[in-house]
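Subject: Structure for you to look at

Hello,

Here is the structure I promised to pass on. Please open it and keep it beside you as you read.

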Amino acid sequence: MASRAEFRVSVTKDNIVFASAHFITFPGHRCETLHGHNYRTRVVLEGDLDPEAHYVFDFVELKHLMKRLTDEIDHKVLLPLDNPKLKIVKQGESVSVAYEGKPRYVFPTGDCALLPVPNTTVEMLARYLAGRVRAELAASDAVRLSTIEIEIEENFGQSATYRESLK
Ligand SMILES: [Zn+2]
């Protein structure tokens, strides 16, 4: 019987972090006030080895990718475009946010990261980042990878992990 072996690499570094503001909406009629977290990320890739390099994926490339993706949302207000309770309208230099029809915030456009997620929970942020990583890896011919996993921690000991099979 043939055995199946895979390798797993992970990266978590002090510079693949993002310090951002957010608020989440809860079931019913509750919406958090704006606040911030120092989010930390971990990326895990699983798959077969590159036959020449004998690695799953180049650590340098993976660190650069994660740094670039986390820099995009660092020092921003994270806003969920797909939240049915929020109306987020970008008009020139400002972004207005209404919750259940009532005006709530106006932010400078450059300070916002408008994300295709239904809520800015760590679960949804992890899935968003995994999607971005998947798209980048697809373009870089990383065909031997089988799984992407992203963990996002918003406080010590408080994190969510999203895991996606690529096959
Ligand atoms: Zn929070």
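This is a predicted model: local features need pLDDT of at least 70, side-chain atom pairs count only at pLDDT 80 or more; totals for chains, interfaces and linings use all residues.

Start with the zinc ion. Its protein donors are the NE2 atoms of H22, H35 and H37, at 2.0 to 2.1 Å. Their spacing in sequence is H-x12-H-x1-H. H22 sits in strand β2 and H35 in strand β5, 13 residues apart. H22 is buried, because its relative accessibility of 2% falls under 20%. H35 is partly exposed, at 28%.

Next, the salt bridges. The structure has 11. Here are three of them:

- R8 and E46 meet at 2.6 Å, N to O. This pair links strand β1 to strand β5, across 38 residues. E46 is buried, at 11% relative accessibility.
- D14 pairs with R40, with the closest N and O atoms 3.6 Å apart. D14 lies in the loop between β1 and β2, and R40 in strand β5. D14 is exposed at 65%, while R40 is partly exposed at 29%.
- R68 and E136 meet at 3.0 Å, N to O. They link helix α1 to helix α2, 68 residues apart. Both are partly exposed: R68 at 41% and E136 at 26%.

Shared partners also join R8, E46, E149 and R163 into one salt-bridge network.

Last, where is K167 found? Look in the segment after β12. K167 is exposed, because its relative accessible area of 63% is over 50%. Beyond its sequence neighbours within four places, K167 contacts R4, E6, R144, L145 and S146.

Best wishes

Technical notes: Residues are numbered from 1 along each chain as its sequence is written. Side-chain values use heavy atoms; hydrogens and water are left out. Helices (H or I, at least four residues) and strands (E, at least two) are DSSP runs, numbered from the N terminus. Buried means under 20% relative accessible area, exposed over 50%, partly exposed in between (1.4 Å probe, protein chains only). Contact means heavy atoms within 4.5 Å. Donors are N, O and S atoms within 2.8 Å of the metal (3.2 Å for Na, K and Ca); water is not among the atoms, so sites may look incomplete. A salt bridge is a side-chain nitrogen of Lys or Arg within 4 Å of a carboxyl oxygen of Asp or Glu.
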